[in-house]
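Hi,

Here is the structure I promised to pass on. Have a look at it first, and then read my notes below.

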Amino acid sequence: MDKVRVRFAPSPTGALHIGGARTALFNWLFARKHKGELILRLEDSDSRRSSLDSAMGILDGLRWLGLDWDEGPEAGGDSGSYRQSERIDIYRKYLDQLLDLDKAYYCFCSSEKLAADKEAAQLIKADYKYTGHCQTISRNEAEQRIQKGECPVIRFKCPTEGITVVHDLIRGDVEFSNCLFDDFIIAKSDGWPTYNFAVVVDDHAMHITHVIRAEEHLSNTPKQILLYHALGWQLPQFAHASMILAPDRSKLSKRHGATSVQEFRDEGYLPEALINYLALLGWSAGEDRDFWKIDELIERFSLEGISRSPAIYDIEKLSWMNGHYLSQASAEDLAAILYKDARKRGFVSVGCEKKFIRVVELLKSRVKTINEILDQGSYFFVRVSSYDEKGSQKYFQKEDSPAMLKEALNLCRESSFSSPENLEQELRQKADELNIKAGQLIHPIRLALSGRTATPGIFEVMDVLGKNECIHRINSAILYAESL
RNA sequence: GGCCCCUUGGUCAAGCGGUUAAGACACCGGCCUUUCACGCCGGUAACAGGGGUUCGAGUCCCCUAGGGGUCACCA
């Protein structure tokens with residue numbers, strides 16, 4: 001087999017969404033598995049809809065996920081520019097070839113006329129197909145009209161008989177009747193190629209061996225195959241994975257919450273988690289396993305394992321998986337990611353990074369996203385301004401609440417705060433002396449120190465906060481409790 | 001509407017003619033525990049429907065239904 005060459009060819013008209021990311025992942029995995037190459041190509045032939053921002057965003061997203069490409073923007077390569085907008089000469093060449101071969105022709109029909117035809121067809125519930133009206137216009141006449149300033153499109157002379165079969169690596173043979181297609185447009189009136197033409201020219205020129213993409217392209221594939229035939233080119237292999245759907249089974253869109261990889265990044269998801277989740281969404285090794293390292297995915301990946309049915313993405317499972325990766329990650333790494341935000345919120349300043357890392361360590365196994373660490377750990381850095389209401393009723397408003405808090409205060413005053421273990425020992429001893437349960441001291445302390453009823457281990461919390469701060473906060477709590 | 005793809009619990013998903021139809025998320029119990037989370041143990045829950053083929057069908061074929069895609073001078 002020739003060296004495997006696959007491509008990811010996004011259109012830079014928006015962010016990299018998870019469907020695109022998964023397609024990129026599958027291609028990447030396939031390339032790495034077979035020691036082949038991944039080509040990144042920007043399909044920006046529609047200048048009105050494409051933007052540089054989108055292109056940069058997509059590149060960023062890919063990089064963040066760890067999906068690198070061997071040829072493409074910023075990587076270079078021997079197959080010319082990897083932006084369609086810079087390949088017009090190439091398209092022009094093959095457009096001319098098809099024209100010369102009489103396999104394509106100029107069409108001067110106005111879009112108004114076409115729209116009217118379409119409407120008329122709909123009225124009598126007939127399928128609309130372009131009539132082939134301009135097929136009779138000679139090449140000479142066409143060129144003269146172009147000289148005079150007319151801007152025709154170019155249509156492909158589509159065979160009307162026979163069937164075209166797509167040998168799909170995932171779905172098997174899929175047959176299409178050629179009579180279904182009309183003479184579709186391969187070049188727009190502004191001279192730029194349409195998708196179906198450009199994709200064929202580029203995949204051929206870039207020596208792509210396997211076209212792995214989402215199912216939405218399956219119906220277009222026969223047209224592309226017809227083009228390959230007309231140009232006399234060898235076909236690549238095709239593999240159409242199913243699509244990723246929103247929870248309501250509709251196509252993913254903004255109204256379904258976060259769907260772009262940038263959003264997931266901003267919301268505190270780890271790239272490893274997203275990769276792991278995406279790999280398992282629509283692909284399976286046939287093995288009962290949830291967590292996969294990237295090397296293991298490369299090792300086990302195969303097209304046969306790709307599912308034919310659409311997959312609905314489930315943010316809950318992604319979050320669960322992210323939580324797992326978070327608890328495994330090093331506190332230093334997470335702190336580094338969080339550092340900027342933490343500074344913005346005044347949680348960390350130069351010189352006290354150690355404390356910040358310690359807090360991250362305590363919290364990372366209790367959250368689903370990185371960002372939650374900051375939200376859930378704010379009290380480590382900022383004094384408590386209010387107390388959880390239910391907690392307050394339970395631990396501050398009881399008759400003996402002030403007394404308990406005062407005992408907690410004594411405990412803090414007497415303790416050397418040498419370690420969480422010692423704090424625990426001291427507290428339990430105090431509880432024994434008072435003939436109460438340790439919890440009767442622990443709960444009020446937790447509320448006093450954090451304002452919350454759920455925190456990491458209380459002795460760790462005390463240890464991080466330190467003696468003076470604990471005394472201060474418990475004093476405040478006493479004042480508060482006595483005022484109730 | 002034509003054409004194409006798809007159909008195992010709410011979701012992901014194993015299964016590739018013979019199984020008590022895995023596992024995971026979520027949910028519900030229980031344990032652990034100073035709270036929360038983790039972890040551990042247990043539970044509820046599925047082969048869309050109907051015809052065939054076969055000794056035997058979630059697995060093969062057909063029909064119906066449902067979902068998705070496509071039919072652009074978007075990609």
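**Where the RNA sits**

A polar side-chain atom of Lys317 comes 3.0 Å from a base nitrogen of RNA strand B. Keep in mind as you read that this is a predicted model.

As for which elements give two or more residues to the surface near RNA strand B, they are β6 (172-177), β11 (311-312), α11, α18 (438-450) and α19 (458-465).

In total, 58 residues surround RNA strand B, and the closest are Arg171, Lys188, Asp288, Arg366 and Arg446.

**Inside the protein**

The largest nonpolar core has 106 residues. Those touching the most other members are Leu62, Phe356, Phe380, Phe396, Leu449, Met462 and Ile474. Helix α1 (residues 18-33) supplies the largest share of this core, with nine residues. Apart from it there is another core, of 46 residues, including Ala104, Tyr106, Ala230 and Phe238.

Leaving aside residues up to four places away in sequence, Leu449 touches Tyr379, Val384, Ile458, Val461, Met462, Leu465, Cys470, Arg473 and Ile474.

**Rings**

I get 15 aromatic pairs. One of them is Tyr94 with Trp233: the ring centres are 4.9 Å apart and the planes stand at 85 degrees, so this pair is edge-to-face. Tyr94 belongs to helix α3 (residues 88-100) and Trp233 to the loop between α7 (221-231) and β9 (237-241), so the pair ties together parts 139 residues apart in sequence. Are these two buried or exposed? Both Tyr94 and Trp233 are buried.

Phe291 and Trp320 make a tilted pair, because their planes are at 40 degrees, with the centres 5.3 Å apart. This pair ties the loop between α9 (271-280) and α10 (294-300), where Phe291 lies, to helix α11 (residues 315-328), which holds Trp320. Phe291 is partly exposed, at 24% relative accessible area, and Trp320 is partly exposed too, at 37%.

Ring pairs also link Phe347, Phe356, Tyr379, Phe380 and Phe381 into a cluster.

Finally, a couple of charges over rings: the charged end of Arg155 sits over the ring of Tyr130, 3.6 Å from its centre, and Arg289 lies over the face of Trp292, 3.9 Å from the ring centre.

Cheers

Definitions and conventions: Residues are numbered from 1 along each chain as its sequence is written. Chains are lettered from A and ligands numbered from 1 in the order in which they are written. This is a predicted model: local features need pLDDT of at least 70, side-chain atom pairs count only at pLDDT 80 or more; totals for chains, interfaces and linings use all residues. Side-chain values use heavy atoms; hydrogens and water are left out. A nonpolar core is a set of buried Ala, Val, Leu, Ile, Met, Phe, Trp, Tyr and Cys residues joined through side-chain atoms within 4.5 Å. Buried means under 20% relative accessible area, exposed over 50%, partly exposed in between (1.4 Å probe, protein chains only). Helices (H or I, at least four residues) and strands (E, at least two) are DSSP runs, numbered from the N terminus. Contact means heavy atoms within 4.5 Å. Rings of Phe, Tyr and Trp (its six-membered ring) pair if their centres lie within 6.5 Å; planes under 30 degrees apart count as stacked, over 60 as edge-to-face and the rest as tilted. A charge sits over a ring if NZ of Lys or CZ of Arg is within 6 Å of the ring centre and within 35 degrees of the ring normal. A residue is near a molecule or strand if one of its heavy atoms lies within 4 Å of it. A polar contact is a pair of N or O atoms within 3.5 Å; within protein, one must be able to donate a hydrogen and the other to accept it, and residues adjacent in sequence count only if both atoms are side-chain atoms.
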